[in-house]
Amino acid sequence: MSNSQLLDVVNFLKEIPFFSEVDKVSLLQLCKESEEQLFGNNHRIIEKGEIGDGMYAILKGKVKIHDKDHEFGTLSQGECFGEYALLDSNPRSVSVTALEETRVLKIASSNFKHLIETEPGFVTGILSVLIKRNRELDITQEKLAVSKKEIEITHAKMSGLIDGALDAILMFDANFRVILANGSAKDILENKDVLQRNVLYFFDDEGGDLIESLIQEHGNATKMSRYLPKPVKVIGSQGMETVNEGTLGSYGTGEDAFYTLILRSIDDRLKAEHQISSLQHKAAYLQEEIKELTEDHGIIAQHASMKNVLDMVQQVAHTTATVLVYGETGTGKELVARAIHQASNRKDGPLIRVNCGAIPANLIESELFGHEKGAFTGATNSRKGRFLLADKGTIFLDEIGELPLDLQPKLLRVIQEGEFDPVGSSTTQKVDVRIVAATHRNLLELSSEGKFREDLFYRLNVFPIIVPPLRNRGNDVCLIAENMVERFSLKMNRPVHPLTAKQKKLLLEYPWPGNVRELQNLVERAVIVSKDGSIDWEEIIPHAHAPKATSVEIEVDHILTAEELNQLERNNIVKALKQTHWKISGEKGAAALLGMPPTTLSSKIKALGIARPV
């Protein structure tokens, strides 16, 4: 660290109770002898069970203290952890993991002991921390006493919930004697005095044999939890018969085993399955969002054009206005949409993404608005659309210019009325959704050509935001590249030297037709092929070895025939297919290279009779 950086760390440590009474000269020496470390998101800093060799002071970021999946709490900037390793050599009792990019100062045990011997103020700081923690322990004990009372209350409430549950709940021992039955169980068994009776007597022969065989299969295993493989018939004491599905669970072994049987009517199960299916569908979207969030590099902006974009985000975020984000492919339109959502009052709600250009035209209506079972061939189950999943949140409609013309009135209705009808349903759904759309096309020009509804354009274009291409953002390309290099090198554990002035010049000279997305791909490739921390950027950046474009003379006055135009288009498509190894869709496919939707390209390939050579 430089002298100025050392002084910044010294001033930072003076704000931490451990070091508040320590002389700055001693702290400066401590900082020189200590190690500054950087950890990425989800990177393990301390592993439970390892022998500690120092403590950590958090300079920037946030960590969680945990034991496997159980989290004890979090620490952030200005707090310390691992200090017990300074006093003994016992194994670490918990693990510590970074929750975001975190920078720490690691202080070794030897430096700590030297500081105790030479700096009385440090002893005072330690005592103040220990006294504070002792007081916190007293408070914790008081909370435990309160918690004990709360546990008793919770137990009483739990008993009330079990007894009031709509599902029939039965608990029996290893001899099949009932030891607990809630109200619903007594109702279907038609017996208020069911305790100590054999539970198998209340089932027909097939059902009783099934439950008995499952318990025999369970054997000496400590726990069991499984669905009954088929419905069972319950016969009440008064002869009432009910068909139920349910679950069988257990705890303990041998004579100490206890079993819980939860029975539920088939109608109730079907309703529950429908709800679970909806939740699983929503979870799939959210998992996709989480994956995207963990991979994005955020918005890095120093150029005035991009700062203006961020100012506009702040202006519109707290409103309900519809936003239309313009920008070339790869400029970060989705990041702008995320920024609007996170700065809005809907940040606690979902952000649902839809790429209108990536979904086939015959499926996009169902994808957006959902469908009922049997609405079309293949619709074996009802499905919630993404608008319903985005209720109380934000929906991001990427490539809105690719939305089929016949579906645009339905979107217009959602914007104006906040309602829609799922495919195959006559029931109108109401939603409260903030719409952010994005496109790289001129929608007004498309509307004049009859390819996009003009009224929809004006409803979407309430607050337009234009994201500048990377080539027009000056030094931002170098800042973004440096950030990506640091992240990828940390992720791949391949240290890389910082960019030189010559390398930055190469980055600035390249026009970046693929913008930030292209930059990310090239940086990732560069880190992978780096040798001893060095990157040959002239080999990585396309322009360094690209041949100079040859000028093609075109006869201005020559009118091409329809056949010549078809042949010209055919040759161009074949050239693009060869360049992309005949890959049609995707970021590096021929459709992206030609600037057209994959479905359109597939149609042209078929119409022009283009076939991949064997």
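**Entry 1: a ring at the surface**

I started with Y458, which is partly exposed because its relative accessibility is 47%. For the wording I used these cut-offs: buried is under 20% relative accessible area, exposed is over 50%, and partly exposed is in between, with a 1.4 Å probe and protein chains only. I noted that this is a predicted model, where local features need pLDDT of at least 70 and side-chain atom pairs count only at pLDDT 80 or more, while totals for chains, interfaces and linings use all residues. Residues are numbered from 1 along each chain as its sequence is written, and side-chain values use heavy atoms, with hydrogens and water left out.

**Entry 2: aromatic pairs**

How many aromatic pairs are there? I found eight aromatic pairs, using the rule that rings of Phe, Tyr and Trp (its six-membered ring) pair if their centres lie within 6.5 Å. Planes under 30 degrees apart count as stacked, over 60 as edge-to-face, and the rest as tilted.

I looked up F172 with F176, and this pair is stacked, with 6.0 Å centre to centre and 20° between the planes. F172 counts as buried because its relative accessibility is 0%. F176 is buried too, with a relative accessible area of 13%.

I then went back to Y458, which forms an edge-to-face pair with F457: 5.0 Å centre to centre and 65° between the planes. Is F457 buried or exposed? F457 has a relative accessible area of 5%, so I wrote it down as buried.

I also saw that F172, F176 and Y259 form one aromatic cluster.

Next I looked at helix 15 (residues 476-492) and helix 16 (residues 501-509), whose axes come within 9 Å and cross at roughly 120°. Helices here are DSSP runs of H or I with at least four residues, strands are runs of E with at least two, and both are numbered from the N terminus. The axes are lines fitted to C-alpha atoms, for helices over the stretch in contact, and angles run from 0 to 180 degrees between N-to-C directions.

Which residues make the contact? I listed V477, C478, A481 and E482 of helix 15, and K504, L507 and L508 of helix 16. Contact means heavy atoms within 4.5 Å.

I found S34 in the loop between helix 2 (24-33) and strand 1 (35-39). S34 counts as buried because its relative accessibility is 11%. Leaving out residues up to four places away in sequence, S34 touches L105, K106, I107 and N111.

D256 sits in the loop between strand 13 (241-251) and strand 14 (258-265), and its relative accessible area of 58% makes it exposed. Its C-alpha atom is separated by 7.7 Å from that of D173, 83 residues apart along the chain.

A361 counts as exposed at 57% relative accessibility.

**Entry 3: the whole chain**

I ended with the totals: the protein chain has 21 helices and 21 strands. Buried residues make up 39% of its 614 residues. Of the contacts with a separation of 6 or more, 67% join residues 24 or more positions apart.
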